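Take a walk through this fold with the coordinates open.

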Amino acid sequence: MTQIRQNATVDGMKIAAPMVKPGAARMRELTPAQRRAVVLAQQQVMKARAAKKAKDEAAEMRRRMWRDEESGTQSVAHAEAKPTEHQEDTLSLRGAIGLVLRDLRSRDHKTLREVSEKAGVSLGYLSEVERGQKEASSELLSSIAEALGVSTAQLLRMVADRLDMAA
């Protein structure tokens, strides 16, 4: 804050006026309750700014992570195109559904939490479905597909294609 200094003369001698902070006069006019309210509001503004900064930093980290992951997956795309013998033997319908769901979610740069909230499914259960540990009902698959922005028919076609690639 800037401080203002005014000089006054009394009988030819200069007398310096006390340092005054802008806005200080307005604070003196407030009641103690009003001062507390002003201070509380200022603290809330500072907390909101800090939260926004943290949110922006987290979003930037996610963008960087996705960018790094995409550049890394492009070089490994040929290795993933042909599954290994072990994957061919163990790929089940449940596993294919999980792989397709994870691919769709990662392409859209969505977190498990975002998809689970939008689909109305618990985060842990969605994670287990993606890993092929749990079988999802048709209603559940439909709500997850909708949360990922595809129809149930499109999701099932992708699963069928994944199973064809493994066969």
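Two residues are in contact when heavy atoms lie within 4.5 Å. Of the contacts in the chain between residues at least 6 apart in sequence, 53% join residues at least 24 apart. This is a predicted model, in which local features need pLDDT of at least 70 and side-chain atom pairs count only at pLDDT 80 or more, while totals for chains, interfaces and linings use all residues. Residues are numbered from 1 along each chain as its sequence is written, and side-chain values use heavy atoms, with hydrogens and water left out.

Start with the elements. Helices (H or I, at least four residues) and strands (E, at least two) are DSSP runs, numbered from the N terminus. The chain has eight helices and two strands. Their order from the N terminus is β-β-α-α-α-α-α-α-α-α. Burial is set by relative accessible area: buried is under 20%, exposed is over 50%, and partly exposed is in between (1.4 Å probe, protein chains only). By that count, 18% of the 167 residues of the chain are buried.

Now the core. A nonpolar core is a set of buried Ala, Val, Leu, Ile, Met, Phe, Trp, Tyr and Cys residues joined through side-chain atoms within 4.5 Å. The largest has 19 residues, and those with the most contacts inside it are Leu101, Leu104, Val115, Val121, Ile144, Leu148 and Leu155. Two or more residues come from each of H4, H5 (112-119), H6 (123-130), H7 (138-147) and H8. Val121 touches Ser116, Leu126, Leu140, Ser143 and Ile144, leaving aside neighbours within four places in sequence.

Look next at H8, residues 152-166. Expected span is 1.5 Å times one less than the number of residues. The 15 residues of H8 should therefore span 21 Å, and the end C-alpha atoms are 21 Å apart, which agrees. Leu155, Val159 and Ala166 are the buried residues of H8. They share one side of H8, because they cover an arc of only 40 degrees around the axis. Such an arc is that of the directions from the helix axis to the C-beta atoms. Exposed Arg157 and Asp164 sit on the face turned away from the buried side of H8.

H4 meets H8. Their axes come within 9 Å and cross at roughly 120 degrees. Axes here are lines fitted to C-alpha atoms, for helices over the stretch in contact, with angles from 0 to 180 degrees between N-to-C directions. From H4, the contact includes Leu93, Ala96, Ile97 and Leu101; from H8, it includes Leu155, Met158 and Val159.

Arg105 lies in helix H4. It is buried, with a relative accessible area of 11%. Beyond its neighbours within four places in sequence, Arg105 contacts Lys110, Thr111, Leu112, Val115, Glu130 and Leu148. Arg94 also lies in H4 (residues 93-107). At 34% relative accessibility, Arg94 is partly exposed. Not counting residues up to four places away, Arg94 touches Val129, Gly132, Gln133, Lys134 and Glu135. Arg94 and Gln133 are 39 residues apart in sequence, yet 7.5 Å apart in space, C-alpha to C-alpha.

Finish at H6. The buried residues of H6 are Leu126, Ser127, Val129 and Glu130. They fall within an arc of 160 degrees seen down the axis, so they line one face of the helix. Cover for them includes H4, H5 and H7. Just after H6, Gly132 takes a positive phi of about 80 degrees.
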